[in-house]
Amino acid sequence: MFNFGWGEIVLIGIVALIAIGPKELPTVLRSVGQMMAKVRRMAAEFQGQFQEALREAEVADLKKQAEDLTSSVKEQVTDFTKIDPLADTKKQIESAFDAPAATASDSTPAAAPVTPVESSEALPPPAEQTADLAKLDIPEPEPLPPVRTEDFLPKEDIKTAEADAPADKKAGGAA
């Protein structure tokens with residue numbers, strides 16, 4: 001509170017011991033301690049009252065904002081009650097039925113002329129297409145091995161079929 005260091009407190013104690021005397025020093029220190037406690041309580045009480053006033057001010061501001069919002073919402077809600085969606089929809093439907101009859105009788109849309117496209121202009125001749133494909137260097141896939149009867153047998157039968165087969169018909173052919 002007073003920002004005294006230990007050296008300053010010791011100096012004050014020595015001066016108090018010399019000035020007050022050793023007999024009355026404990027009584028004086030006790031009364032100083034009680035006064036300090038009262039001052040601290042008063043400071044804490046004042047701080048609490050100050051914070052309470054701040055909270056009340058914040059609550060009052062929030063209450064005022066809530067009232068403003070409520071009044072603005074009430075104004076908008078009264079505007080919504082003036083809207084009649086059925087009447088608006090009825091007017092739109094009536095205008096939609098009246099509008100095509102007036103526009104259809106006034107003018108008919110002109111059809112855009114369609115020009116046929118000759119197929120010879122759209123595509124290149126077939127000779128050019130095959131010549132372009134011949135220029136491409138794409139490797140052909142390897143041919144598949146011929147289908148054998150072992151391909152259709154279950155795995156157990158394949159083992160017995162390989163064991164029964166002559167040496168020149170075994171897989172790999174290097175007998």
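User: What percentage of the residues in the chain is buried?

Analyst: This is a predicted model, in which local features need pLDDT of at least 70, side-chain atom pairs count only at pLDDT 80 or more, and totals for chains, interfaces and linings use all residues. Residues are numbered from 1 along each chain as its sequence is written, and side-chain values use heavy atoms, without hydrogens and water. Buried means under 20% relative accessible area, with a 1.4 Å probe and protein chains only. Here 2% of the 175 residues are buried.

User: How many helices and strands are there?

Analyst: Both are DSSP runs, numbered from the N terminus: helices are H or I with at least four residues, strands E with at least two. The chain has six helices and zero strands.

User: What span does α1 reach?

Analyst: The expected span is 1.5 Å times one less than the number of residues. With 15 residues, α1 reaches 20 Å from first to last C-alpha, close to the 21 Å expected. Just after α1, glycine 21 has a positive phi of about 105°.

User: Which residues are closest to the centre of the largest pocket?

Analyst: A pocket is an open set of points on a 1 Å grid over the protein atoms alone, where a 1.4 Å probe fits, with protein on both sides within 12 Å along at least five of seven lines; lining residues have an atom within 4 Å of a point. Volume is the space filled by probe spheres set on the points, which are joined across faces, edges and corners. The largest pocket holds about 490 Å³. Of its 16 lining residues, Phe4, Ile9, Ile12, Val32 and Met36 are the closest to the centre. The largest share of the lining, seven residues, comes from α2.

Terms used: Buried means under 20% relative accessible area, exposed over 50%, partly exposed in between (1.4 Å probe, protein chains only).
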